[in-house]
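Work through the exercises below with the model open. Try each task before reading its solution.

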Amino acid sequence: LAGLGDEVDILDVGAGPLTVLGKTYPGKTLRITPVDALAREYDRLLETFGIEPPVRTRYCPGERLLDEFRPGEFDLAYARNSVDHSYDPGAIVHNMVRLVRPGGYVLLRHVRREGEHMKYSGFHQWNFDIEDGHLVLWNRVRKRDLTAELAPEASVDAFADDAEGEDWVVAVIRRRG
């Protein structure tokens, strides 16, 4: 969070019923906006069990982020193992980049080749991967080089991480500006 100012606006895309992001950071005021396409279902589940989240997840499919928020509204946009569970994950990543201010960051952390591992069942229709240092998104029909697509507006640093006993793809995307 260094270099982002004293007040940091964070968008958590595909946050689930409860954002996993920390709510405090020394010397910073964090304003977290969690969104998820299943937020209404999660609200019913939380109500059933009498749980009041510290930060409530708002309904918003990632493909519609630009309908709900202004470009440059956030300092940081984050998604953990969620974007690849959508109809158009490439559009969501592009939306996230547009929603961070110039110099802001998009952080992605997704299980590597999850669609393939899950045999393209249920939500698992896409794969994040790294090829020749590029962040790629693919399935049985289509392949997209997100590093190349985003090059005019952002830099992308993608790497593999085997923490947590799984093979993850991590991408740090910085919007130019």
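D132 lies in the loop between β6 and β7; helices (H or I, at least four residues) and strands (E, at least two) are DSSP runs, numbered from the N terminus. The model is predicted: local features need pLDDT of at least 70, side-chain atom pairs count only at pLDDT 80 or more, and totals for chains, interfaces and linings use all residues. Residues are numbered from 1 along each chain as its sequence is written, and side-chain values use heavy atoms, with hydrogens and water left out.

**Exercise 1. The turn residue**

Task: Decide whether D132 is buried or exposed, and find its phi.

Solution. 
- Step one: set the cut-offs. Buried means under 20% relative accessible area, exposed over 50%, and partly exposed in between (1.4 Å probe, protein chains only).
- Step two: apply them. D132 has a relative accessible area of 79%, so it is exposed.
- Step three: read the backbone. Phi of D132 is positive, near 50°, and D132 is not a glycine.
- N81 sits in the loop between β4 (74-80) and α3.

**Exercise 2. The sheet**

Task: Work out the strand order of the open sheet of 3 strands, and say which strands stand at its edges.

Solution. 
- Step one: pair the strands. Two strands pair if DSSP finds at least two bridges between them. β6 and β7 are antiparallel over 5 bridges. β7 (residues 134-138) and β8 are antiparallel over 3 bridges.
- Step two: write the order. It is β6-β7-β8.
- Step three: find the edges. β6 (127-131) and β8 (143-145) each have a single partner strand, so one side of each lacks a neighbour in the sheet.
- I130 stands opposite L135 in β7. V136 has D145 in β8 as its bridge partner, and W138 has K143 there.
- A hairpin of 4 residues joins β7 to β8.
- In β7, 4 of its 5 residues are buried.

**Exercise 3. A buried asparagine**

Task: Which backbone nitrogens does the side chain of N127 reach?

Solution. 
- Step one: locate N127. It is found in strand β6.
- N127 is buried, with a relative accessible area of 0%.
- Step three: apply the polar-contact rule. The pair must be N or O atoms within 3.5 Å; within protein, one must be able to donate a hydrogen and the other to accept it, and residues adjacent in sequence count only if both atoms are side-chain atoms.
- Step four: list the partners. The side chain of N127 reaches the backbone nitrogen of E114 at 3.4 Å and that of G115 at 2.9 Å.

**Exercise 4. The core**

Task: How many residues form the largest nonpolar core, and which helix gives the most to it?

Solution. 
- Step one: define the set. A nonpolar core joins buried Ala, Val, Leu, Ile, Met, Phe, Trp, Tyr and Cys residues through side-chain atoms within 4.5 Å.
- Step two: count. The largest core has 31 residues; L11, M96 and L135 are among those with the most contacts inside it.
- Step three: name the helix. α3 (residues 89-99) gives the most, with 5 residues.
- Step four: separate the other core. It lies apart and has 8 residues, including L21 and L76.
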